[in-house]
Structures are given as structure tokens and as C-alpha cells.
Amino acid sequence: MTDAKISVSNFDFYYGTAKVLHGINLDIPDRKVTALIGPSGCGKSTFIRSINRMNDIIPEARASGTILIDGQDVYGGSADVVELRRRVGMVFQKSNPFPKSIYDNVAYGLRIGGMRNKRQLDEIIERSLTRAALWHEVKDRLHASALALSGGQQQRLCIARALAVDPEVVLMDEPASALDPIATSKIEELIYELKDNYTIVIVTHNMQQAARVSDRTAFFMLGRVIEYAETNEIFMNPQEKMTEDYVTGRFG
Amino acid sequence: MTIPRHFDKDIDELKHLLLRMGAMVEDAMARSIKALLERDSALAEEVIANDDEIDRMEVLIDQKTIELIAKMQPAASDLRFVATIMKITPELERIADLAQDVCERAIELNREPLLRPLVSLPQLAYDAQAMVRDALNAFVRGDADLARRVITQDDNVDALTESSFRSLLTYMLEDARNISSAIRLTFIGKYFERMADGATNICEMVVYLVEGKMIKHTATIAAVK
């Protein structure tokens, strides 16, 4: 793929002696949504967390092979992990706002980055909340606690927080699995909007969601990529028997 | 591990309904040919009367298919199966309508003096019938090769239609009193040719079902590109 934002080659991952990812090769296109699907324990979450090195904090975790973002190896000797995580934001299954105000949640990464200018902060916070489709719901109570928001709003707040530091890639690990259908469809609409500006990688157990939001889909099974293709192909005419069995619910 | 699916029962039921409709359509077609060749107006009337049942079958299959989409959100081969059923059902219904049209013309012909011989018309009818039968067999067996063979036979049916038309034109030129019957027979030739087209469309969907490839209009699309 010529416009790959993230280029993964021969990537293996181990927890201690257990090898959980086997020779992953995947080119993730720029400003598109790439969905990772597969049964529980297939390695898709480990894989997505490898992209911004969130697995580094797990003792005895080890990676080999390369993950290039814009041609730079994220596991290379000179890689700056803090800068990597600014460029590659992440949203988790369970929304995890800090026990602070809405404003302070979104400002958090910016302040850590050294930003003190109130007007600049205000501007970025409004923009981030707008992009996360939350601004109109919270603009009159920015200093209220984030924990008072509904589950769907909290998740959009976490997305706003991730967007505030101006990332290039947003990783989403089952971002809507704990939300009701209305909140889910808001997140899906948001993903659709965001792909104009961000490269999005989403892990989901909801296959209809993968079909709805993504441009490309990778099917993982037992730590391997079984099939990676245009989402239409995966859901209309997969080439691998295992993919077929999985997307038709014959396989668990 | 393969999980047994409730969904498979729905799919089987749908397949079963479509085959029942297919059998009804084949039967209507066979009887329309018999009514035409044996000048049997009573049989023709029967075929016309039975068409309502085929129409009801179409509605039933449509309902079941839409329900299945709503409830199961089919993917991959399930999705192709459902799409195929939705495209095949109206083709079958149209073939039955054409058999009914043959019967209407046959009744009219029986009120007129016999125009002999029917030239290539019987052959045309039998070939179209074989195509419809093979198209349904290709669907049942998921046999894309058979489907492709049926599609190639469509040119033969087109040629027979043309040849039948030319002979009938000669009769009309010979004697103006033949015109009325010859025109009805020209229509009938066209009806069988359209039934063969229906079989071709079914076969194109069978290839899609089995291989995921849309082969419909590929020649035309390639020519435009």
C-alpha cells in the first residue's frame, strides 16, 4: 500500500514465554478507519496496544519486528514514547475520565505539555469538544465534574481528551461496547467524521459496527492475521474459510 | 469449533420455498408448451388460473427474506444467499407470467385455423424449458459451472427466436389470412426467448452466490471501459 500511515512487518509479541502475536504484516492506510475483528483472545487488543507501546508497562512483555509510523520505527532505539503517545491517542472500552472537571480533563494533556495560556487552552478545548460532538451538550457546564456525564458523554469526553493533543492516529479498543444504541451510533457518527483528519484503528466485537464504520478490516485468529481486505470484501465475499465462518457466526 | 446456527433453519426454509416455487414455475411452463402444441384450451385455462398461487408464493418468499435480513443481518455467503433469493424470485414469477401469456395466445390461436408447421417454435420452447430447469438445478447444487453452461445456451435460443420469426414472416407474406396467427406465434416465440433470459439471470446470480462475482453485464461494462 502506497499511502500507509502505519506499516507493520513481521511483528511478534510475547508475554514472558507465551507468543501471542505471530508475524503480523499489516499496512494501515492514512485517514481511513481500519477495524480489527476476531474472537476473544485472538491478539487484536495486544496488537492495537503495541502501536503506541501501551504494552511496555506489562512486565516481561517483549516485541520483535517493526511497526513504522510515517516510516519511523516506534520500537527503534531513538523512539520517544511520550511523543509517540501524543501522536497516537487511545480510547478504551470503559470510559475513564479523570475525577476532575470536563474542562480539566480535556486540558490535561495540554498542561502536561506545558501549555499555560488560558485563551489558547480555551480555544483548543472548544475545538476538541466540538470535534468529539460534545461541545453543545457541555458548553454551559465546563467546570462541572466529568463523572456527572452519562456513559456515552464520558466516552466522547475521552475522545475529546485524546484529540486535544493533536494526534495523527487514534486507537479505539471497543469504544462503544459499554454504550446503549443511541450513544453507540453517536460514537460511530463521530468516527466517520474524524477520519477526514485522523487515521483510526478500532477493535470491535460488534461485526455490524466494523461493517458500518470501517474502510478496511483485519480478521485476527490465534495471534495471526487471517485475512485483511476492504471491509466490503470481508463482509460480502471473504476469501478465507475461517473469516467466512467467523463473520457468519459459525465459529467461536 | 463449528456452532450450530438457528439461522441455518431459516436459510433451509427459504431455499425450500424457492424450490417449491421453482417447481410450480417449471410445471406452468411445461403445461403451457403442451397446451400450445396440442391445442388444448382447457389446459391453458388451468395454467392461467394457477398463476395466482405462484404470485402468492413470491410474496411469501419476499416477506421471509426481509424478516431474515431484519433479524439476522446476514454476512458473507449468508448475505449472498439472501441477495440471490431476492433476485431469483421475481425472475421466476416473470417466467410464470410469460407461461400464462403463452396460454392466452394459445387460446386465441385455437379459435383460428391451424397454421402448420410451427417451424422452430417447439424447439425454442423445449430449449427455454431446459434452461430454466438447469438454472434451478444449478441453484440447488450451488453449481457455478452448470450456471455458466446455461448462460452460453442463451445465444442458441436467441437464434431460434429469430429463425422462427423469419419463417412466420414468410407465411404472412404468402397469405394475408395467416397474419393474425403468425403474429400470435411471433409473440409466443418472444415469450420463450424472455423465459430463457430469465434463466440466464438466475444463473448469473448462482455464480454470484457461489463465487461472489457479479458477471451480469460484464461484457457490456468492459466494452464501455
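Reader: Before the cores come up, what is a nonpolar core here?
Author: A nonpolar core is a set of buried Ala, Val, Leu, Ile, Met, Phe, Trp, Tyr and Cys residues joined through side-chain atoms within 4.5 Å. Buried means under 20% relative accessible area, exposed over 50%, and partly exposed in between, with a 1.4 Å probe and protein chains only.

Reader: And the ground rules?
Author: This is a predicted model, where local features need pLDDT of at least 70 and side-chain atom pairs count only at pLDDT 80 or more, while totals for chains, interfaces and linings use all residues. Residues are numbered from 1 along each chain as its sequence is written, chains are lettered from A and ligands numbered from 1 in the order in which they are written, and side-chain values use heavy atoms, leaving out hydrogens and water.

Reader: How many residues are in the largest nonpolar core, and which have the most contacts inside it?
Author: That core has 69 residues, and B:Leu36, B:Leu185, B:Ile188, B:Phe192 and B:Met195 have the most contacts inside it.

Reader: Which elements give two or more residues to it?
Author: In chain B, they are α1 (6-37), α2 (41-72), α3, α4 (121-141), α5 (144-152), α6 (154-174) and α7 (179-211). The most comes from α7(B), with 15 residues. Helices here are DSSP runs of H or I with at least four residues, strands are runs of E with at least two, and both are numbered from the N terminus.

Reader: What does B:Ile188 touch?
Author: Leaving aside residues up to four places away in sequence, B:Ile188 touches B:Leu36, B:Val102, B:Arg105, B:Ala106, B:Leu109 and B:Leu121. Contact means heavy atoms within 4.5 Å.

Reader: Which residues does the second core include?
Author: The second core is separate and has 52 residues, including A:Ile159, A:Ala164, A:Tyr198 and A:Ala210.

Reader: Back to chain B. How many helices and strands?
Author: Chain B has eight helices and zero strands. Its C-alpha atoms fill a box of roughly 75 × 45 × 25 Å along the principal axes. Of its 225 residues, 47% count as buried. Among chain B contacts between residues at least 6 apart in sequence, 85% join residues at least 24 apart.

Reader: B:Arg105 was in that contact list. Which residue does it meet in a salt bridge?
Author: The side chains of B:Arg105 and B:Glu108 meet in a salt bridge at 2.9 Å, N to O. A salt bridge is a side-chain nitrogen of Lys or Arg within 4 Å of a carboxyl oxygen of Asp or Glu. B:Arg105 and B:Glu108 are separated by about one helical turn because they are three residues apart in helix α3 of chain B. B:Arg105 counts as buried at 14% relative accessibility, and B:Glu108 as partly exposed at 21%.

Reader: Which residues are in the salt-bridge network?
Author: B:Glu104, B:Arg105, B:Glu108, B:Glu112 and B:Arg184 are linked in it.

Reader: Where are the partners in the B:Arg148 and B:Glu211 pair?
Author: B:Arg148 forms a salt bridge with B:Glu211, with the closest N and O atoms 3.0 Å apart. B:Arg148 is in helix α5 and B:Glu211 in helix α7 of chain B, 63 residues apart, so to speak of the pair is to speak of a link between distant parts of the chain.

Reader: On to the interface. How many residues are in contact?
Author: On chain B, 14 residues are in contact with twelve residues of chain A. The two chains bury about 1,100 Å² between them, 43% of it on carbon and sulfur atoms. Buried area is the accessible area (1.4 Å probe) that two parts lose on being put together, summed over both.

Reader: How many salt bridges between the chains?
Author: There are two salt bridges between chain B and chain A. A:Arg250 and B:Asp8 meet in a salt bridge through their side chains, at 3.8 Å, N to O. Helix α3 (residues 76-110) gives the largest share of the side of chain B that touches chain A, five residues.

Reader: Chain A, then. Is A:Glu60 buried or exposed?
Author: A:Glu60 counts as exposed, at 63% relative accessibility. A:Glu60 has a positive phi of about 70 degrees although it is not a glycine.
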